[in-house]
2 protein chains.
Amino acid sequence: MTKKNAFYAQSGGVTAVINASACGVIQAARENSDKIGTVYAGRNGIIGALTEDLIDTSLESDEDIAALRHTPSGAFGSCRYKLKPIEQSTAEYERIIEVFKAHNIGYFFYNGGGDSQDTSHKMALMSKKLGYPITCIGVPKTVDNDLPITDNCPGFGSVAKYVAVSIREAGFDVASMAKTSTKVFVMEVMGRHAGWIAAAGALAAEKEGDSPHIILFPEVVFDQEKFLARVDECVKKFGYCAIVVSEGLSNTDGVFLAEAGGKDAFGHAQLGGVAPVIAEIVKGALGYKYHWAVADYLQRAARHIASKTDVDQAYAVGRAAVEFALAGKNAVMPAIVRTSDEPYQWEIGEALLADVANVEKMMPPEYITEDGFGITEECRRYLQPLIEGEDYPPFKNGLPNYVELKNESVAKKLKTTFDIA
Amino acid sequence: MTKKNAFYAQSGGVTAVINASACGVIQAARENSDKIGTVYAGRNGIIGALTEDLIDTSLESDEDIAALRHTPSGAFGSCRYKLKPIEQSTAEYERIIEVFKAHNIGYFFYNGGGDSQDTSHKMALMSKKLGYPITCIGVPKTVDNDLPITDNCPGFGSVAKYVAVSIREAGFDVASMAKTSTKVFVMEVMGRHAGWIAAAGALAAEKEGDSPHIILFPEVVFDQEKFLARVDECVKKFGYCAIVVSEGLSNTDGVFLAEAGGKDAFGHAQLGGVAPVIAEIVKGALGYKYHWAVADYLQRAARHIASKTDVDQAYAVGRAAVEFALAGKNAVMPAIVRTSDEPYQWEIGEALLADVANVEKMMPPEYITEDGFGITEECRRYLQPLIEGEDYPPFKNGLPNYVELKNESVAKKLKTTFDIA
């Protein structure tokens with residue numbers, strides 16, 4: 001078998017540690033340069049494959065590739081672009097395979113969430129069918145922690161740590177001001193469908209009265225009366241109330257509260273997220289002074305407070321992807337297997353892409369307390385190890401010293417172009 | 001002279017490092033226990049003095065007092081409560097002196113911003129007038145960086161670092177997604193009157209094209225047309241545009257943009273801050289997909305990413321306050337004096353409370369670029385050292401291990417009570 005090149009791309013919303021996976025893939029490939037040729041990265045994810053816009057990672061120094069491990073976001077660009085269903089059109093798959101053939105690419109490493117694993121799976125099938133078999137390995141990534149089979153998803157642990165650290169710190173702040181000022185604090189976090197990120201906020205509360213006092217999950221329909229009663233109880237008992245709310249919180253009609261908040265004078269929907277809506281509900285009913293925060297991208301980009309567990313796992317799945325490919329595996333994804341809670345231990349296992357594709361892992365009902373406002377001990381046991389350990393990036397001039405790669409393009413070989421819809 | 005006790009209180013909005021000042025005060029007092037008795041802390045700031053609600057800090061272990069150095073927010077509680085002007089009523093001053101007399105308190109250490117320094121100054125005057133002279137020393141604190149005389153204010157450097165780190169990280173995120181998703185990111189920061197915090201965000205941009213691309217200062221009237229042209233230019237040139245906006249951004253009528261955004265269907269003012277207003281203006285005019293974040297309390301509570309310079313200075317002004325008192329000084333405040341830019345060097349100087357009280361230090365016009373969207377080299381030279389150095393708190397279970405004190409009350413000695421207005 002002649003030595004084939006590899007293609008690596010980042011897909012969907014980026015995370016604080018997806019570049020650690022890229023680092024793992026590229027370093028493992030470099031260590032096996034007798035078996036794998038150049039790693040080409042897709043500029044802006046799969047769009048790079050479709051448009052033959054490939055980045056030659058061999059032009060990056062070992063030092064810069066190593067620095068990816070501590071650099072957040074997608075170093076080669078990511079994209080929100082889903083290939084068309086095969087039943088509808090195979091043109092995109094055909095084009096990618098044409099590009100891969102032209103550049104002697106025999107390995108496809110796709111770093112993303114459920115959609116991306118589906119794409120990897122279909123690539124494996126289609127490449128075989130089209131007579132140019134490609135080894136397709138998925139690399140898991142998603143802050144939402146909603147991939148099946150793998151115990152958890154690289155990217156989640158760091159956003160979980162950020163959210164828990166932030167609500168602890170804000171809780172200390174509000175507690176000290178509550179006598180004469182803010183009594184209710186609302187922090188909005190990501191997670192439109194699954195409440196994993198909101199749940200992680202609860203890790204900050206280690207004893208009664210600790211911040212946060214209330215978690216509002218997307219899995220639990222918002223019960224305004226019950227919520228207000230709990231807020232009032234907390235303020236009376238602890239002096240203040242700290243709340244973590246998922247952006248996906250919905251009302252009884254299944255409508256996102258962020259969108260149900262009414263229109264402004266110009267008929268526009270509320271500009272704000274769900275945090276200001278919740279804060280205003282509290283103010284209207286109970287009169288307490290509030291403050292709110294929307295962390296938005298800050299939470300998933302916060303490499304400065306990444307979980308060491310998360311960084312280690314993101315790097316490990318990157319390396320494992322290459323090792324799987326070299327071991328002759330195909331249409332699989334490295335998965336994280338928990339072998340012990342205390343002490344926390346994990347190893348890399350293997351999941352079939354067919355089993356991972358398009359399955360969303362939601363919070364199990366037994367992870368949410370009966371009142372719907374908190375997490376159970378079982379949930380805490382699951383989440384706790386994922387935020388363990390710090391892995392600070394190097395700093396320069398008081399700021400994290402993140403790497404920007406050269407990202408030089410590979411010369412195009414095809415005469416044809418491809419338009420992205 | 002018999003040994004007098006000391007009173008220490010925290011005032012106004014708390015910071016990531018105000019407890020480092022408390023640590024400095026208490027440790028210095030303990031080291032001079034032959035000259036200073038017990039340090040009593042006011043529970044919820046000056047309210048503790050008025051209501052004779054004193055905390056006996058001597059019951060806290062050396063270890064816990066040392067841990068204040070790495071714990072954000074106000075360990076004894078702070079408050080937003082300003083004493084009445086002396087011309088209007090001296091009852092509050094008289095009450096405080098009555099409480100101090102009862103507890104043999106001869107030192108008053110007041111940790112706060114401009115208002116608090118005014119209070120300390122008046123306390124010095126009134127105590128003399130009432131025949132019970134008290135040594136009054138101010139301890140500077142404010143994230144707004146708006147105290148005069150002192151080169152900078154403890155509390156500011158850490159919020160500055162948080163803002164610069166966050167907009168750098170979010171910038172990396174948006175840059176990698178911009179091809180198919182978010183192109184404009186808006187981060188709202190504190191600073192209702194002075195743009196110091198917004199300016200600090202600009203430190204993240206070290207070369208052309210770096211995030212953030214635009215700073216919107218409270219000192220510069222919002223020029224929508226010019227702003228939109230710049231946003232469009234950035235998106236076209238760099239692929240995306242990252243914006244830091246001060247909560248105090250105002251329009252030509254001097255109205256905060258956060259409040260000028262219109263009313264919702266129920267006639268309520270917009271719930272959101274200024275970030276969503278700015279984002280919507282961009283979307284409406286240019287059609288770019290946006291995201292926005294409001295850091296709110298997260299920014300001033302973020303001890304996990306505090307500036308070491310800031311922590312060191314906050315601690316130093318706390319210690320210096322006690323040293324000043326023991327040296328027989330009165331009605332003064334330790335100030336930070338910059339003796340060199342490169343390498344950055346500072347020492348503790350002395351400011352008269354009379355000169356500090358009620359003066360706001362705004363951004364000098366020469367710190368803002370001519371176009372109004374950035375900072376000058378002079379401003380960068382001033383700000384850069386303030387965010388230098390990391391000073392991570394200890395972690396436990398993946399989270400910062402902040403201390404909560406016992407905060408035991410001192411037995412009341414007075415028969416009278418005092419109602420807080």
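The numbered points below cover a predicted model with chains A and B.

1. Domains of chain A. The domain assignment divides chain A into domain 1 (4–142 + 306–358 + 390–400) and domain 2 (156–301). Their centres, taken over C-alpha atoms, are 35 Å apart. Contact between the two involves 11 residues of domain 1 of chain A and seven residues of domain 2 of chain A. On the domain 1 side, the touching residues are four nonpolar, six polar and one charged.

2. Strand E8 of chain A. This strand spans residues 241–246, and six of its six residues are buried. Cys241(A), Ile243(A) and Val245(A) lie on one side, Ala242(A), Val244(A) and Ser246(A) on the other, and both faces are covered.

3. Pairing of E8(A). Strand E6 (residues 184–189) of chain A pairs with E8(A) in the parallel sense, over six bridges. Within this pairing, Phe185(A) has Ala242(A) as its bridge partner. Strand E7 (residues 214–216) of chain A also runs parallel to E8(A), joined by three bridges; here Ile214(A) is the bridge partner of Ile243(A).

4. The contact between chains. On chain B, 69 residues are in contact with 69 residues of chain A. Elements that each supply at least two residues of the chain B side include helix H6 (156–177), helix H10 (274–286) and strand E9 (290–294). H6(B) gives the most, with 13 residues. By class, the chain B side divides into 34 nonpolar, 21 polar and 14 charged residues.

5. Helix H10 of chain B. H10(B) has 13 residues and reaches 18 Å from its first C-alpha to its last, close to the 18 Å expected at 1.5 Å a residue. Buried residues of H10(B) include Val274(B), Ala275(B), Pro276(B), Val277(B) and Ile278(B). Ala279(B), Glu280(B) and Val282(B) are also buried in this helix. Just after H10(B), Gly287(B) takes a positive phi of about 80°.

6. Cis peptide bonds in chain A. Most residues other than glycine have a negative phi, and most peptide bonds are trans. The bond joining Ser211(A) and Pro212(A) is cis, with omega about 0°. Pro212(A) sits in the loop between helix H7 (196–201) and E7 of chain A. A cis bond also runs from Glu342(A) to Pro343(A), with omega near -5°, and Pro343(A) is in the loop between E10 and E11 of chain A.

7. Tyr344(A). This residue is in the loop between strand E10 (332–340) and strand E11 (345–352) of chain A. Tyr344(A) counts as partly exposed because 15 other C-beta atoms lie within 10 Å. Leaving aside neighbours within four places in sequence, Tyr344(A) is in contact with Pro385(A) and Glu388(A). Tyr344(A) and Glu31(A) are 313 residues apart in sequence and 29 Å apart in space, C-alpha to C-alpha.

8. Glu52(A) has a phi near 55° and lies in the loop between helix H2 (46–50) and strand E3 (54–56) of chain A. Glu52(A) counts as buried because it has 24 C-beta neighbours inside 10 Å. In chain B, Ala331(B) has a phi near 55° and is placed in the loop between helix H12 (308–326) and strand E10 (332–340). Ala331(B) has 21 C-beta neighbours inside 10 Å and therefore counts as buried.

Note on methods:
Residues are numbered from 1 along each chain as its sequence is written. Chains are lettered from A and ligands numbered from 1 in the order in which they are written. This is a predicted model: local features need pLDDT of at least 70, side-chain atom pairs count only at pLDDT 80 or more; totals for chains, interfaces and linings use all residues. A residue is buried if 20 or more other C-beta atoms lie within 10 Å of its own, exposed if 12 or fewer, and partly exposed in between; C-beta atoms are placed from the backbone. Helices (H or I, at least four residues) and strands (E, at least two) are DSSP runs, numbered from the N terminus. Two strands pair if DSSP finds at least two bridges between them. Domain bounds come from an automatic or database domain assignment. Ala, Val, Leu, Ile, Met, Phe, Trp, Tyr, Cys and Pro count as nonpolar, Asp, Glu, Lys and Arg as charged, and the others, Gly among them, as polar. The expected span of a helix is 1.5 Å times one less than its number of residues.
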